[in-house]
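I opened this notebook to record what I looked up in one structure. The entries follow the order in which I consulted it.

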Amino acid sequence: MSNISELLGSQYPVIQGAMGVICNPELVAAVSEAGGYGLLATAFAEDPQEVRDQVRKTKELTDNPFGANLVVKNPLAAKFAEVLAEEGVGAVTVSGGSPKELTPFLQEQGIKVIVVVPTVDAARGAEAAGADAIVAEGAESGGAQGFGGVSTIVLVPAVVDAVDVPVIAAGGIGDSRGYRAAMALGAQGVQMGTRFIATKECIASGIYKKTLVECGEIGTGVVNLGRFQMRVLRTPLAEKMIKGERGPENIFSPAAIKESWIKGNLEAGILPAGQITGMIHDIISVREVIEEMVG
Ligand SMILES: Cc1cc2nc3c(=O)[nH]c(=O)nc-3n(C[C@H](O)[C@H](O)[C@H](O)COP(=O)(O)O)c2cc1C
């Protein structure tokens, strides 16, 4: 058993990364039931009760451990942390900024803190703040990222060399080859987002999954959103944003996210996905993803 499995209490060191409104209790529970570690997202939760409801629903669906993600810049992050502590969640990933503020409270509550970083400096900062483990997330990953643009194959060993805590690789991992590559780079686990969108259990709309499966390795692009950027599928709306013909107005409200990601209205929002689209050609079950990976 790897240190990461021990830390999380999961059978395999395979984490389903937080993914906003599409990592609902059903997806999270399916991952944990298959021996991985599911994560609930809180990024678009409108209030602490919504987070509590999601945790409780997930507990009804699985007895296996699962965790949650807190986004540092979310003004409600500290309130969400209190709910996660009250509900007995075992581990939390902290992303989108310094973990300094949230870490002491979470650890006092017995919660393991795993910090998502895009650079070696941020990894050192996370370790100094007391992180129990680090997710080194390369720029090929789907979703929000900083401006460093460092790839997983460079970032992971650089972070492994820089810190003493266990490192989890994220970004561009989708099958057993990526899993073994991550281990060869010194990681002790992997975190995946994009591969889990193209699963039967994921509530992402049919058009989100179809575009992802068909777009190939050049089907994603990076949209500049001011304080951060985001890797997304190159839909017509994303193309306009990449060319600077459209700003990010009105595409990040919880309503717009649900409308585009779940209902499939491609004019309402952009669809995060990583370059691993180039290796995803089918929609399979969560269990098939995990078993192929660790088998
Ligand atoms: C649709 C989507 C939403 C995401 N939302 C979050 C989030 O709320 N918090 C977070 O820490 N990471 C988020 N991520 C990043 C994932 O958790 C994960 O680290 C990333 O997808 C790994 O790279 P991959 O897509 O190449 O597997 C998101 C990724 C996607 C694709």
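The entries below concern domains, cores, helix packing and a few single residues.

**Entry 1. Domains**

I noted at the outset that the model is predicted. I then looked up how the protein chain is divided, and found domain 1 (3–201 + 281–294) and domain 2 (206–278). Their C-alpha centres lie 21 Å apart. To the contact between them, domain 1 contributes 27 residues and domain 2 contributes 24 residues.

**Entry 2. Nonpolar cores**

I next asked which residues have the most contacts inside the largest nonpolar core. They are L106, I134 and Y208, in a core of 73 residues. I recorded helix 4 (residues 77–86) as the element that gives the most to this core, with six residues.

Setting aside residues up to four places away in sequence, Y208 touches I22, I197, L233, W261, L271 and P272. I also found a second, separate core, which has 12 residues, with I4, Y37, A91 and A170 among them.

**Entry 3. Helix 4**

I returned to helix 4 to see which of its residues are buried; A77, F80, A81, V83, L84 and A85 are. I then looked up what covers these buried residues, and the list includes helix 3 (48–61), strand 3 (67–71), strand 4 (91–95) and helix 5 (102–108). Just after helix 4, I noted a positive phi of about 75° at G88.

**Entry 4. Helix 6 against helix 7**

I examined the packing of helix 6 (residues 120–128) on helix 7 (residues 152–162). The angle between them is about 35° and their axes are 9 Å apart. I recorded the crossing of helix 6 and helix 7 as right-handed. Helix 6 makes the contact through V120, A123, R124 and E127, and helix 7 through L155, A158, V159 and A162. Sorted by class, this contact has six nonpolar residues, two charged residues and no polar ones.

**Entry 5. M192**

I located M192 in strand 9 (residues 189–192). Is M192 buried or exposed? Its relative accessible area is 1%, so M192 is buried. Apart from neighbours within four places in sequence, M192 is in contact with V14, I15, Q16, G17, I173, G174, V289 and M293. I also checked M192 against G35: the two are 157 residues apart in sequence, and their C-alpha atoms are 14 Å apart in space.

**Entry 6. T199**

I found T199 in the loop between helix 9 (194–197) and helix 10 (206–214). T199 counts as buried because its relative accessibility is 0%. I then asked which residues T199 is in contact with, leaving aside its neighbours within four places in sequence. They are L27, K209, I283, I284, S285, V286 and V289.

**Entry 7. N250**

My last entry concerns N250, in the loop between helix 11 (236–242) and helix 12 (254–262). I noted that N250 is not a glycine, yet has a positive phi of about 65°. N250 counts as exposed because its relative accessibility is 68%, and the cut-off for exposed is over 50%.

Key
Residues are numbered from 1 along each chain as its sequence is written. This is a predicted model: local features need pLDDT of at least 70, side-chain atom pairs count only at pLDDT 80 or more; totals for chains, interfaces and linings use all residues. Side-chain values use heavy atoms; hydrogens and water are left out. A nonpolar core is a set of buried Ala, Val, Leu, Ile, Met, Phe, Trp, Tyr and Cys residues joined through side-chain atoms within 4.5 Å. Buried means under 20% relative accessible area, exposed over 50%, partly exposed in between (1.4 Å probe, protein chains only). Helices (H or I, at least four residues) and strands (E, at least two) are DSSP runs, numbered from the N terminus. Contact means heavy atoms within 4.5 Å. Axes are lines fitted to C-alpha atoms, for helices over the stretch in contact, and angles run from 0 to 180 degrees between N-to-C directions. A crossing is left-handed if the near helix is turned anticlockwise from the far one by less than a right angle, and right-handed if clockwise. Ala, Val, Leu, Ile, Met, Phe, Trp, Tyr, Cys and Pro count as nonpolar, Asp, Glu, Lys and Arg as charged, and the others, Gly among them, as polar. Domain bounds come from an automatic or database domain assignment.
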